Structure formats: C-alpha cells, structure tokens
Amino acid sequence: VKACVAGLLRGSKIKIQCTDAGGEITAIRDAGVTDLFSRDRDFKRADFFPIGDDDVGYQAKARICKMLAEHLGVTIDPENHLIADEVANRFPQQAVRLRDVFRALDSLPGRPEPPAELTKLQSALEACLKNIRQTKPTVLAVKRNLDPLRDGIQLLNVFEAELDEASVQSVRTFADVQRYQLTQLRELGELSGKVEQAGERIDRQLSSDRPWREIASLDADIATVKETYRESRRGLLGWQETETEGARGRVKLRPDFSMLSADQSHSVLRILDGTMDDTSDDAIAPKLNELQDPFTIRLQRAEEQANDKLDEILSEGDRPIVRKISLGLHNREIKDEADVNAIVEEIREELMGQLEPGVRIRIV
C-alpha cells in the first residue's frame, strides 16, 4: 500500500494531508514524507485526496522552465517537484550573487542606488525560498514572481559581469581624483580650457547610474587633471621657496648681520626654514589654497621672529640694545603740507623719546 501511495504521489496523482504535522504533501520531496512512510502511525492517520485542479497550470510551469533555461542554464520538464528542486538548488546561489552585487554597489563612491529590478529580485527570491521544503507553495511563489525573477536575474547577470574588481577600482580612482585634485583646482580657480572640459566629463561619468561603464575612455581626462594639479602644486611650492628666500635676504640686509658667527647666523635663519609646507607636487594635503594665505601668514610671523632673534644676539654683552618700535602710521591719511609736517614732528618726537645711550631703534 505504501509503495502504491508513493507511486501515486511521485506521479502527482494524489495529495496527502498529515494530521499530526498539519501540512499538505504534494510531492515526494516535501517535508514530512520520510516520517509519513517510515512510521505506520503517521501513515494511518494521514488523509489522501486526488490531486484535483492544477493551481499552477501547465502554461505557467512551461514559462517557469523557459526562464530557468534562458537565465540559469537549467533544462527540466515542467513538473512541480522538478521546479521546486531547482529553486532549492539555484535560488540560494542567486541570492548570494545578488548580495555580492549590492556590496559592490555599496562600496562605490556615492553609493549608487541598486536598480528597481534588483530590489524586486531580492524580494522575489525571499518569497520563493520561504517554504522551500513544500513543493506546491514554492512553485506558486515562483509563478507569482516570475516577471521580477526573469528581469532581475537577467540584469543580475549583466551587473555581475560588469562589476568586477578592476571596474570598481577604476571608479574609486576616478572619484578620488574628482574629490581631491579636481576640487582643489576649482577652489583655486585653475580650471580652464581642456582641463575644465575634462572635469565636466569626469563629473558626468561619476554621476551616471552605472559609472563603471566605458570609464576607461576617460583615462586621458584623468591624466590631464592630475598633471594640471601637479603643475599648480609645483608652482605654489616654488613660490613658497622664492618668498622664503626673499625673507632670508631681508634679514641678511640688517646692519651687523654679516658680523654674526656661523652658529648665530644659523640660529636666526633656521626660524624661516620651517615656514614652507613639507609636501610634494603629488600630495593631496595640504590643499592648494592652503599653500598660499596660511603660508604668507606663517612667513610674516617667522620673519618677525627671526628679526627679534637677531635683535637679541646683537644686544648681547656690551653692545647697544636694539629696541623695536611701531610708529602707528597704518591707515593714517594726509591731505596737505601741514599734515606732512605734523607727522614728521610726531615721528621725530617718538624716535627722540626712545633714543638713549646704548640703544638702537628698529622701526617695525
């Protein structure tokens, strides 16, 4: 009797309602089949019914088999248990592939949103795998989600082929150039001509839905931006060196500087040596615009400190003390000769008031 029942079940002629488990068995692969046929008590208490109307339908099963053949390379007969077996074997693999694609998208700069087809595919796979041990619910779930499965797996195959490690790394490289070199050139106002056009093409590429597609075609634009950036940075570093040398020259022109010993001269001039940014023309920090104004401020402060150090050295021992004073003439307005005479008199009084035996004045 059990053998006959098993044959009818395998041939999709009957369905079995297990009283204890409360579940419906429609195929030999369903959960509970082993207990049903190995335990006399379970078998005797089960109810057996004709299979009845096919809730899936032959045409739906044929479409499912076509989808499996075209997108997963699986050829099977349109039978419920065969379809359910392939779902159990293949769909977990698709879920893993989909997860890897989502991770790859999430790792890209800007984290582009996955297409709706892939999001729907995720939900469809979850629905089909929910009752994977039960044949009929599984096949019905595939039938309900056939369109999202077909469209999603087709797009998944495309994304998986395109989103390899090399493509992901290329997008990251482009994004780094946009984020650092291109942004800094724009902040400095250094974009014009072919560099500006290259920057616009890079922006469009990275803002597209699939920035990895044909990204290699913009390699020349990346090279243009990077070379322009190096030239700008190299020019700013050269300017810093020129300005620093100018400050060194002004300090050396001070009276009696030539009388300093080598150690004394070094102690004064080394104050200026730390003003230049310790960087290269390929570095991305400090930014280009930070190589200008902050450096100018540092250099001014360092030059003043170097002059103060020189004052200290020149005032050692029995030498005259060097005293620095400010005349406070900044933003002073002059409208006629009387104003000129007044200012000259103020300066004379200020200087004469500071002059003492053994004192020299340095105007700042």
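**Questions on a predicted model**

User: Leaving aside its neighbours within four places in sequence, which residues is Thr244 in contact with?
Analyst: In this predicted model, Thr244 has its place in helix H11, and the contacts asked for leave aside neighbours within four places in sequence. Those that remain are Leu272, Thr275, Met276, Phe295 and Leu299.

User: Does Thr244 count as buried or exposed?
Analyst: Buried means under 20% relative accessible area, whereas exposed means over 50%. The relative accessibility of Thr244 is 4%, and therefore this residue counts as buried.

User: Leaving aside its neighbours within four places in sequence, which residues is Leu149 in contact with?
Analyst: In soluble globular proteins, nonpolar side chains tend to be buried together. With neighbours within four places in sequence left aside, the residues in contact with Leu149 are Met67, Phe91, Leu121, Ala124, Leu125, Cys128 and Val142.

User: What is the hand of the β-α-β crossover from E4 to E5?
Analyst: Strand E4 (residues 321-325) and strand E5 (residues 359-363) run parallel and are joined by five bridges, with Lys324 having Arg362 in E5 as its bridge partner. Between these two strands the chain passes through helix H14 (residues 337-354), and the crossover is right-handed.

User: Where is Pro286, and what is the peptide bond from Ala285 to Pro286, cis or trans?
Analyst: Pro286 has its place in the loop between helix H12 (262-273) and helix H13 (293-314). Most residues other than glycine have a negative phi, and most peptide bonds are trans. The bond from Ala285 to Pro286, however, has omega near -5°, and it is cis.

User: Does Glu214 count as buried or exposed?
Analyst: Glu214 is found in the loop between H10 and H11, and it has a positive phi of about 55° although it is not a glycine. Because its relative accessible area is 67%, and the cut-off for exposed is over 50%, Glu214 counts as exposed.

Technical notes:
Residues are numbered from 1 along each chain as its sequence is written. This is a predicted model: local features need pLDDT of at least 70, side-chain atom pairs count only at pLDDT 80 or more; totals for chains, interfaces and linings use all residues. Side-chain values use heavy atoms; hydrogens and water are left out. Two strands pair if DSSP finds at least two bridges between them. Helices (H or I, at least four residues) and strands (E, at least two) are DSSP runs, numbered from the N terminus. A crossover is right-handed if, with the strands pointing away from the viewer, the path from the first strand over the helix to the second runs clockwise. Contact means heavy atoms within 4.5 Å. Buried means under 20% relative accessible area, exposed over 50%, partly exposed in between (1.4 Å probe, protein chains only).
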